[in-house]
Amino acid sequence: MAHSDYIVFVDESGDHSLESINADWPVFVLCFCIFRVGDYTDAVTPAIRRLKCKTFGHDLVILHEHDIRKKKGAFSRLNQEAREAFMGELTDVIAATGMTIIAVVIDKVRHKTKYVRPEHPYHLAMQFGLERVHHFLRIQGQADAQTAVIFEARGPKEDQSLELEFRRVCDGANRYRRPLPLSVVVADKKTNSEGLQLADLTARPIGLHVLRPEQPNRAWDILRTKLFAGDRNCIEGNGLKVFPWP
C-alpha cells in the first residue's frame, strides 16, 4: 500500500479521568493536526527551527504550551521584549502553516451526567478524531493510502491501551464500519517533533474557546481558520467535535 501524501500529529489538553474532574478545566481535548508531507518537510519544520535558533541559539528547545505559558525551562530566561518577539513570530509561523485541524472536545461533566456507563474520554475522542481524519483523507483522494498518525508517549500502560484502541477503531469499530488505512506511531516524549509541538500548542486554546467562548482568544482566532470544514463548509461536527453536544 502506498504512503499517503499526508501525516497526522496528535496531542491532548487536560486529563481523561472521570473520577476527579478539575472544575477549572472540565474538558478533555484531543487535537489532530494534518499536514501535507511536502509542506511539513519543506516549510513547517524549517520555519520552526529557524525561530528556535533565532531565539535560543539552537533548535533543541521543545515548544510545550504549558512551559511557554508558565515561563518554565528555556522560556524562563527570556526577558519581556524577547518573549513578546518570540510569541509574535510563533503566531506568524502558525498562521502561515498549511495545516488542517480536527479537535475533539469531551465535556467530562456532561458526559458523566448523561450516560450511565460513560465511555473512556480518550478512547471516545480518538474514535471521533480518526473518523474525521479519514473523512478529510477521502476528500483529498487519499482514503486508500497508508497514513501515519503520531502520538506522544504517555507511559507503557497508557501507550498499550492507546494502540489497542487505535487498532480497534481502524479494524472497523468506526462509523464507516470498514477498515481505515491508518498506522499508529508512538513517539518518545523527548522527541523534538515540530508536528507534535504544533499539536500541543493548538489543543488548549481550542478547549479554552469551548469553555469560555466570550473570552478574547488570539490563538483561537487563527486556529479556527484551519479547522476541517468537511464537505459542506461547516466546522461544527467536523473540525470541531464537542461531545456531548450542549
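In what order do the strands of the open sheet run? In this predicted model, the 6 strands are arranged as β5-β4-β1-β2-β3-β6, with mixed pairing. Select residues 182-187 and 240-243 next, and you will have the edge strands β5 and β6, each of which pairs on one side only. From one strand to the next, the twist averages 20°.

Residues 37-56 form helix α1, which lies across β1 and β2 and runs at about 90° to β2. Helix α5, residues 121-139, lies across β1, β2, β3, β4, β5 and β6, and its direction is about 25° to β2.

Then turn to the side chains. The largest nonpolar core has 45 residues, and Phe35, Phe86, Ile101 and Ile206 are those with the most contacts inside it. Among the elements that each supply at least two residues of this core are β1, β2, α1 and α3, while the largest share, 7 residues, comes from α7. Select Phe35 and display its surroundings: leaving aside residues up to four places away in sequence, Phe35 touches, among others, Tyr6, Phe9, Tyr40, Val44, Met99 and Leu198.

Finish with the second, separate core, which has 30 residues, including Leu124, Phe136, Leu137 and Cys170.

How values were computed: Residues are numbered from 1 along each chain as its sequence is written. This is a predicted model: local features need pLDDT of at least 70, side-chain atom pairs count only at pLDDT 80 or more; totals for chains, interfaces and linings use all residues. Side-chain values use heavy atoms; hydrogens and water are left out. Two strands pair if DSSP finds at least two bridges between them. Helices (H or I, at least four residues) and strands (E, at least two) are DSSP runs, numbered from the N terminus. Axes are lines fitted to C-alpha atoms, for helices over the stretch in contact, and angles run from 0 to 180 degrees between N-to-C directions. Contact means heavy atoms within 4.5 Å. A nonpolar core is a set of buried Ala, Val, Leu, Ile, Met, Phe, Trp, Tyr and Cys residues joined through side-chain atoms within 4.5 Å. Buried means under 20% relative accessible area, exposed over 50%, partly exposed in between (1.4 Å probe, protein chains only).
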